[in-house]
Amino acid sequence: MPLPELPELEELYRLYRADLYRYLCHLTHDPAEAEDLLSETFLRALKRLHTYRGDCAVKTWLFGIARNIWLEGLRKKHPTASTDDLLEGCLAEDTLTERTDSRLQWQRVQELLRQNDARARRVVQLRAMGYSYNEIAAELHISESSARVIEHRTRTWLKQMLAKEGYDL
């Protein structure tokens with residue numbers, strides 16, 4: 001089977017630079033470090049173009065390279081920590097508030113939330129601001145369990161949407 005046709009590196013850079021930068025800002029919480037990692041991602045992609053097999057989208061392949069470079073940096077900073085420990089610390093399940101503190105990530109989450117219904121959007125916004133489920137239930141005139149279910153379903157939907165866009169959560 002012939003190898004898939006890849007666009008030129010300049011085209012890949014033009015197409016995916018902004019998405020990769022947002023992703024790296026999300027991971028590092030440092031725009032300068034994200035820029036460095038972005039450069040390294042495209043350098044490594046150039047060196048490894050021959051390894052692209054076509055079993056995933058080019059964007060997915062680039063995001064994988066970016067994630068691996070980020071993880072390599074974490075391992076250098078914390079040589080005794082396992083990859084799972086490093087990822088858990090940075091991308092834990094219940095850290096929507098912390099993750100959304102990043103301006104870029106918050107903007108993308110807001111864009112996605114605008115696609116959802118107003119009540120789900122409000123539940124997630126209130127949770128991100130630190131409101132308890134009880135307070136949210138009182139504010140929106142729903143039960144506390146409804147607030148939990150709405151938040152869980154919306155969070156799951158957000159994760160699925162972000163994953164489709166290449167975010168590795």
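Y23 and F63 are both buried. This comes from a predicted model. Buried here means that under 20% relative accessible area is left.

## Aromatic pairs

There are two aromatic pairs in the structure. One of them joins Y13 and F42: the ring centres are 5.0 Å apart and the planes meet at 65°, so this pair is edge-to-face. The cut-off explains the label, because planes over 60 degrees apart count as edge-to-face. Y13 belongs to helix 1 (residues 9–28) and F42 to helix 2 (residues 31–47), so the pair ties together parts that are 29 residues apart in sequence. How accessible are the two partners, Y13 and F42? Y13 is partly exposed, because its relative accessibility is 36%. F42 has a relative accessible area of 7%, so F42 is buried.

Y23 sits in helix 1 and F63 in helix 3 (residues 58–77), so the pair ties together parts that are 40 residues apart in sequence.

The charged end of R17 sits over the ring of Y21, 5.5 Å from the ring centre.

R17 also takes part in a salt bridge. Its partner is E35, and the closest N and O atoms are 3.5 Å apart. This bridge links distant parts of the chain, with R17 in helix 1 and E35 in helix 2, 18 residues apart. Are these two residues buried, exposed or partly exposed? R17 has 27% relative accessibility, so R17 counts as partly exposed. E35 is at 31%, so E35 counts as partly exposed too.

Side chains of opposite charge can pair when their charged atoms come close. How many salt bridges does the structure hold? It holds nine.

Within helix 2, E40 and R44 are four residues apart, about one turn of the helix. Their side chains meet in a salt bridge of 3.7 Å, N to O. E40 has a relative accessible area of 30%, so E40 is partly exposed. R44 is at 13% relative accessibility, so R44 counts as buried.

Further along, E139 and R122 meet in a salt bridge of 3.8 Å, N to O. E139 lies in helix 8 (residues 133–140) and R122 in helix 7 (residues 118–128), so the pair links distant parts of the chain, 17 residues apart. E139 is partly exposed at 42% relative accessibility. R122 is partly exposed at 30%. Elsewhere, a network of salt bridges links D19, R22 and K59.

## Helix 8 against helix 9

Two packed helices are described by the angle between their axes and the distance between the axes. Helix 8 packs with helix 9 (residues 144–164) at an angle of about 105°, and their axes are 8 Å apart. Why are the two helices called roughly perpendicular? Angles of 65 to 115 degrees count as roughly perpendicular, and the angle here is about 105°. Helix 8 and helix 9 are therefore roughly perpendicular to each other.

Which residues meet where these helices pack? From helix 8 come Y133, N134, I136 and A137. They meet E144, A147, R148 and E151 in helix 9.

Key. Residues are numbered from 1 along each chain as its sequence is written. This is a predicted model: local features need pLDDT of at least 70, side-chain atom pairs count only at pLDDT 80 or more; totals for chains, interfaces and linings use all residues. Side-chain values use heavy atoms; hydrogens and water are left out. Rings of Phe, Tyr and Trp (its six-membered ring) pair if their centres lie within 6.5 Å; planes under 30 degrees apart count as stacked, over 60 as edge-to-face and the rest as tilted. Buried means under 20% relative accessible area, exposed over 50%, partly exposed in between (1.4 Å probe, protein chains only). A charge sits over a ring if NZ of Lys or CZ of Arg is within 6 Å of the ring centre and within 35 degrees of the ring normal. A salt bridge is a side-chain nitrogen of Lys or Arg within 4 Å of a carboxyl oxygen of Asp or Glu. Axes are lines fitted to C-alpha atoms, for helices over the stretch in contact, and angles run from 0 to 180 degrees between N-to-C directions. Angles under 35 degrees count as roughly parallel, over 145 as roughly antiparallel, 65 to 115 as roughly perpendicular and the rest as oblique. Contact means heavy atoms within 4.5 Å.
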